[in-house]
Amino acid sequence: MIRFDKVVKKYNEQDQPAVDELDLHIGKGEICMLVGPSGCGKTTTMKMINKLIKATSGKIYIDGKDIEKVDPIKLRLDIGYVIQDTGLFPHMTIAENIATVPHEKGWDRNKIRNRVDELLELMDLDPETFRDKKPKDLSGGQKQRVGVARALAADPPVMLMDEPFGALDPITRGKLQDEFLRIQEKIGKTIVFVTHDIDEALKMGDKIVVMRDGKVVQFGTPTEILSDPADEFVSELIGGNSNLKMMKLMKCRDIMREIPYVDNATTSEEAIKVAKANDVNNLLVTEHGQKLLGYVSMGMLFKNEDKRVEEFVKQIGETVTPKTTLQDVLSNMFALGRKTIFVSGSKGKIDGIVTMDDLLKAVRDDDQNS
Amino acid sequence: MTKIRDSAIRIHDVLLVLLILAIGIGFSYYVVNYPQDKIVERFMSYDKIIMALTQHIKIVVISSLLAIGTSVPLGILLTRPKFKKFSPRVLSIVNIGQTIPSLAIVALFVGILGIGINTAILALWIYSLLPILNNTLVGIIGVDDSIVEAAKGMGMLPKRILFKIEIPLALPVMVAGIRTAVTINIGTAIFAAFVGGGGLGDLIIAGNNVNRWQILVLGATLPALMAILSDIAFGIVERKTTI
């Protein structure tokens, strides 16, 4: 979708370039995070996409089109733009702010009004309440939501976001990040997102570009960056606790294992055989293959050797969903005092199981890659 | 979150305006109807006061409009990327106009244009360029960069950014400049009388010549009251344009 081809930006002839021979490819529908310390060239890189900054040499293509040949105004109208201080126009109402690009594009009034309301709802802001307010009447988080809504107004395929959540308190920031990811799942924009916060990059990004002194130090998925930092600089940027950070990224569905079912009338002896055959320590018990009764563990089976499983089956208890992060799984395990936890995507159905060993293995595996 | 919007017009402003009008009219009434002697009686009439007053207003309005008409476009031009580098130089040139005493400017133009109302208007025009130009520049340059950049990044045309974003946001500062200029002009317009331009300065000169305090004080009081009135009026405009 967006491609950089040997792009160089020099502000001064003698100076070291702010962006140096940058090659980059950002896929359609991806969130690409540009991360690095101040002065690494990440903002310059982003601003070259909508020609707020002109590249000294090299080419940038959007959807295969060389942007040099596109009129800057036309180009910008089709690229959503969100900046840190929101850049909301203080003398205009929220509705007028959001309507900026549709207005420039010459949409008719009804269409604009409907779009504004739709976006306010998408951003979880009640149109009746917020439409006619001025930016100064809004909290920081609300302003940032309006900033995002304004960028989305004309439904541009590409969005540029320059530290959009940088000025918010950690709680609001986390909430807005989650909200934005949820919205992105629906709208699937190609997003270039500048941040200096590696945790934000790891959380939000499909791809991460780590930059330093105008050069790309590493380009990869969050898991790749975490498990295999290209050099000292990247490791330092990630900081300590890379294993814990990895657990924040990985979901249950990545590591959960399926467990076999047995009927409630099965004897312990048979059940042990099933468990051994499948190399698992737990079995799910159903009533005649229909209703889920609970589970039995290897320990329970050995203790009750002469019984049928229905006599000592245990309730499933708390479950997690396939989308739960490993970090939350671990914290659940601690809270419940258990080494295993069942994964359930929908009520009455168990998708799999995650054990403490699985967690350790998942994190260790990635360690060994490096 | 909701708060009652401050009205731009405040009650004490209204009272002050009424008081000023009362003083102005009352004092004029006193001077005309209770003259100290024959000399004052012969010199003063409502017609004379009104004529001096309208002349004064005419000088102030024309010179101020000229100043707004030149300084605002010039100021805007000097904030455009192409001309931005000239702005310090232009400001310093205009600054020189401001450092010359106002009476000297008036006198200087007599040498060029002779005596009459045009000389007075021209001198006042030159004299009020700076505050308006300065505030136009400061107001527009002072608009938050991130706001302008957001507008630019979203694809607004430079012309639209100027008229929809920069000028509306700079307006309170620009109005403050005009307020200063007009207020100064009302006072300085007294000098018009020295070059035959008329205005309330005529009363001061006459009062001085015949040595009658009522005429002199009336000539000094009316411009002062006018200045306060204009200040209040522009204060309201300034508050109205402030977000």
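How many helices and how many strands does chain B have? Chain B has 10 helices and 0 strands. This is a predicted model. The domain assignment of chain A gives two segments, domain 1 (2-249) and domain 2 (253-369). Chain A and chain B touch through 17 residues of chain A and 15 residues of chain B.

**Chain B**

- Along the sequence, chain B reads α-α-α-α-α-α-α-α-α-α.
- The C-alpha trace of chain B spans about 75 × 50 × 20 Å along its principal axes.
- Of the 243 residues in chain B, 37% are buried.
- Contacts in chain B between residues at least 6 apart in sequence include 74% that join residues at least 24 apart.
- Helix 1 (residues 11-33) of chain B has 23 residues, which at 1.5 Å a residue should span 33 Å; its end C-alpha atoms lie 32 Å apart, in agreement with that value.
- Helix 1 of chain B is hardly covered, with 1 buried residue among its 23.

**Contact between chain B and chain A**

- The contact draws on 15 residues from chain B and 17 residues from chain A.
- On the side of chain B that touches chain A, the elements giving two or more residues are helix 7 (145-153) and helix 8 (158-188) of chain B.
- Helix 7 of chain B gives the most to this side, with 6 residues.
- By class, the side of chain B that touches chain A has 10 nonpolar, 3 polar and 2 charged residues.

**Open sheet of chain A**

- Chain A has an open sheet of 4 strands in the order 2-1-4-5, paired antiparallel.
- Strand 2 (19-26) and strand 5 (65-66) of chain A stand at the edges; each has a single partner strand, so one side of each is left without a neighbour in the sheet.
- Strand 1 (residues 2-9) and strand 4 (residues 57-62) of chain A run antiparallel and are joined by 5 bridges.
- A:Val8 stands opposite A:Ser57 in strand 4 of chain A.
- Helix 1 (residues 42-49) of chain A packs on the sheet and touches strand 1, strand 2 and strand 4 of chain A. The direction of helix 1 of chain A makes about 120° with that of strand 1 of chain A.

**Strands 6 and 7 of chain A**

- Strand 6 (residues 79-82) of chain A has A:Ile79 and A:Tyr81 pointing one way and A:Gly80 and A:Val82 pointing the other way, and all are buried.
- Strand 6 and strand 7 (residues 158-162) of chain A pair in the parallel sense over 4 bridges.
- A:Val82 has A:Met161 as its bridge partner in strand 7 of chain A.

**Strand 9 of chain A and its partners**

- Strand 9 (207-212) of chain A is mostly covered, with 5 of its 6 residues buried.
- Strand 3 (residues 31-35) of chain A pairs with strand 9 of chain A in the parallel sense over 4 bridges, and A:Met33 stands opposite A:Ile208 in strand 9 of chain A.
- Strand 10 of chain A pairs with strand 9 of chain A in the antiparallel sense over 5 bridges, and A:Val209 stands opposite A:Phe219 in strand 10 of chain A.
- The hairpin of strand 9 and strand 10 of chain A has 2 residues between the strands.

**Positive phi values in chain A**

- Most residues other than glycine have a negative phi.
- A:Asp213 has a positive phi near 50° and sits in the loop between strand 9 and strand 10 (215-220) of chain A.
- A:Asp213 is partly exposed, with 16 other C-beta atoms within 10 Å.
- A:Glu163 has a positive phi near 40° and sits in the loop between strand 7 and helix 8 (170-187) of chain A.
- A:Glu163 has 19 C-beta neighbours inside 10 Å and so counts as partly exposed.

**Domains of chain A**

- The C-alpha centres of domain 1 and domain 2 of chain A lie 42 Å apart.
- In the contact between the domains of chain A, 7 residues of domain 1 meet 8 residues of domain 2.
- Helix 12 (residues 242-249) of chain A gives the most to the side of domain 1 that touches domain 2, with 5 residues.
- The residues on that side of domain 1 of chain A divide into 3 nonpolar, 2 polar and 2 charged.

Definitions and conventions:
Residues numbered from 1 in each chain as written. Chains lettered and ligands numbered in written order. Predicted model: local features only at pLDDT ≥ 70, side-chain atom pairs only at ≥ 80, totals over all residues. Contact = placed C-beta atoms within 7 Å. Nonpolar A, V, L, I, M, F, W, Y, C, P; charged D, E, K, R; others polar. Pairing = 2+ DSSP bridges. Axes fitted to C-alpha atoms, helices over the stretch in contact; angles between N-to-C directions. Domains from an automatic or database assignment. Expected span 1.5 Å × (residues − 1). Buried ≥ 20, exposed ≤ 12 C-beta atoms within 10 Å, placed from the backbone.
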